[in-house]
Amino acid sequence: MTHIVEHQCVSHSVGEDGKRMLAMPEKWTLESRELFENQFRVLFDLKETDSAVSFQQLLDEEFLSSYLPDLKEQFQTNQLLALGSQFIKRLGFILTVPALFLLATSQKKLNVQLKYLYLVSRIKEDLWMPHLYQKSWDAPTVEHKADRESYLNQVIQEIAKIISAVHRVAKVPRPLLWENVAVYIYWLYETRLQDENLTLLEQKEAWNDFAYLLQLDPQCFDERFNPLHRFYTNKIDVKGNDQPIRVRRTCCFYYETNTKQKYCQGCPKTDVNKAACMVTKRQVLPIEAIKQ
């Protein structure tokens, strides 16, 4: 049976405005629901066999200390450091990409407060793929620039809570955990949104969202620096790759979680990436908002 902790969620009434997405979950088009389910791992309904864990529980260090080791079979490792890193890598995607994508494409805001969100374990092609569930996927429209910026702050502040908890329990360096999140945010704005048929105004606003995140006050990350900015380096030519890649500054320990000890494409530990970095200086890229 589905197991879920009860939480009350306040609904927001928003009228239809002709955008791609509509505010209330029951008015989301079938196409929109399929997109978010298949590409962004957002669940609108649960199966009888699903077990949902509240993100609020994951902030409890005692609970997290027992939850992470339970994932050792899924990640094929007993190393708590690797478990914590890969855990954030999977959660970083579902806690940021769907929300930022909807904001860019429809000017709407998903509820990103952890107390209303649930992690649902699913296995896809033998890989542990956590999905995001909420009882009511309300999505109010962004009202003005300050509202938009406040929402971007909130997205970062919520994921920062999970990162802090995993850091304390698994002793994974915080910069490593933040780079695990950063790679998905870069991918979203540099790649995924480039495939969308955005208007010129939406393109500008999406880019300005990205610029805002990279210039965000470090306090929003609960850090002394903005990790999204620190890890936003230039892509370099690497032997064996047709396109330049961004080599990470930290290793996520993915090679510890598969029997073939395969590395990520941008892993800084591979010989070919090390060689490429020796001949091409990595530089943090500047990014500025597009003026009105």
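This report walks through the helices, the sheet and a few single residues of the structure above.

The model is predicted, so to speak of local features a pLDDT of at least 70 is needed, side-chain atom pairs count only at pLDDT 80 or more, and totals for chains, interfaces and linings use all residues. Residues are numbered from 1 along each chain as its sequence is written, and side-chain values use heavy atoms, with hydrogens and water left out.

Let's start with the strands. Helices (H or I, at least four residues) and strands (E, at least two) are DSSP runs, numbered from the N terminus. Four strands make an open sheet in the order 1-6-3-2, and the pairing is mixed. Two strands count as paired if DSSP finds at least two bridges between them. Strand 1 (42-43) and strand 2 (52-54) sit at the edges, each pairing on one side only. Strand 2 and strand 3 run antiparallel and are joined by 3 bridges. A52 has V120 of strand 3 as its bridge partner.

Helix 5 lies across strand 1, strand 3 and strand 6 (131-133), and runs at about 50 degrees to strand 6. Axes here are lines fitted to C-alpha atoms, for helices over the stretch in contact, with angles from 0 to 180 degrees between N-to-C directions.

How do helix 5 and helix 6 run relative to each other, parallel or antiparallel? Their axes come within 10 Å and cross at roughly 170 degrees. The two helices are therefore roughly antiparallel; the cut-offs are under 35 degrees for roughly parallel, over 145 for roughly antiparallel, 65 to 115 for roughly perpendicular, and oblique for the rest. By class, the contact of helix 5 with helix 6 has 19 nonpolar, 3 polar and 1 charged residues. For that count, Ala, Val, Leu, Ile, Met, Phe, Trp, Tyr, Cys and Pro are nonpolar, Asp, Glu, Lys and Arg are charged, and the others, Gly among them, are polar.

Helix 7 has 17 residues and reaches 24 Å from its first C-alpha to its last, close to the 24 Å expected at 1.5 Å a residue. The expected span is 1.5 Å times one less than the number of residues. Buried means under 20% relative accessible area, exposed means over 50%, and partly exposed is in between (1.4 Å probe, protein chains only). The cover over the buried residues of helix 7 includes helix 5, helix 6, helix 8 and helix 9.

Two of the buried residues in helix 7 are L177 and W178. L177 counts as buried at 0% relative accessibility, and W178 is likewise buried at 0%. Setting aside residues up to four places away in sequence, L177 touches G84, S85, I88, I163, V166, H167 and V172, where contact means heavy atoms within 4.5 Å. With its neighbours within four places left out, W178 is in contact with I156, I159, A160, I163, F221, E223 and P227.

Helix 8 (residues 200-214) has 15 residues and spans 21 Å from first C-alpha to last, close to the 21 Å expected. Its buried residues include E202, K204, N208 and D209, along with F210, L213 and L214. Among what covers the buried residues of helix 8 are helix 5 (80-106), helix 6 (145-170), helix 7 (174-190) and helix 9 (227-230).

**Two loop residues with positive phi**

Most residues other than glycine have a negative phi. Q107 has a phi near 60 degrees, a positive value in a residue other than glycine, and is found in the loop between helix 5 and strand 3 (118-120). K171, in the loop between helix 6 and helix 7, also has a positive phi near 60 degrees. Which of these is buried, and which exposed? Q107 counts as buried, at 7% relative accessibility, whereas K171 is exposed at 61%.

**Some separations**

The table sets sequence separation beside C-alpha distance for a few pairs.

| Pair | Apart in sequence | C-alpha to C-alpha |
|---|---|---|
| K281 and T29 | 252 residues | 47 Å |
| T270 and K47 | 223 residues | 41 Å |
| L177 and I287 | 110 residues | 22 Å |
| W178 and V142 | 36 residues | 26 Å |

K281 lies in the segment after helix 10 (271-279) and is exposed, with a relative accessible area of 62%. T270 is in the loop between helix 9 and helix 10, and counts as buried at 14% relative accessibility.
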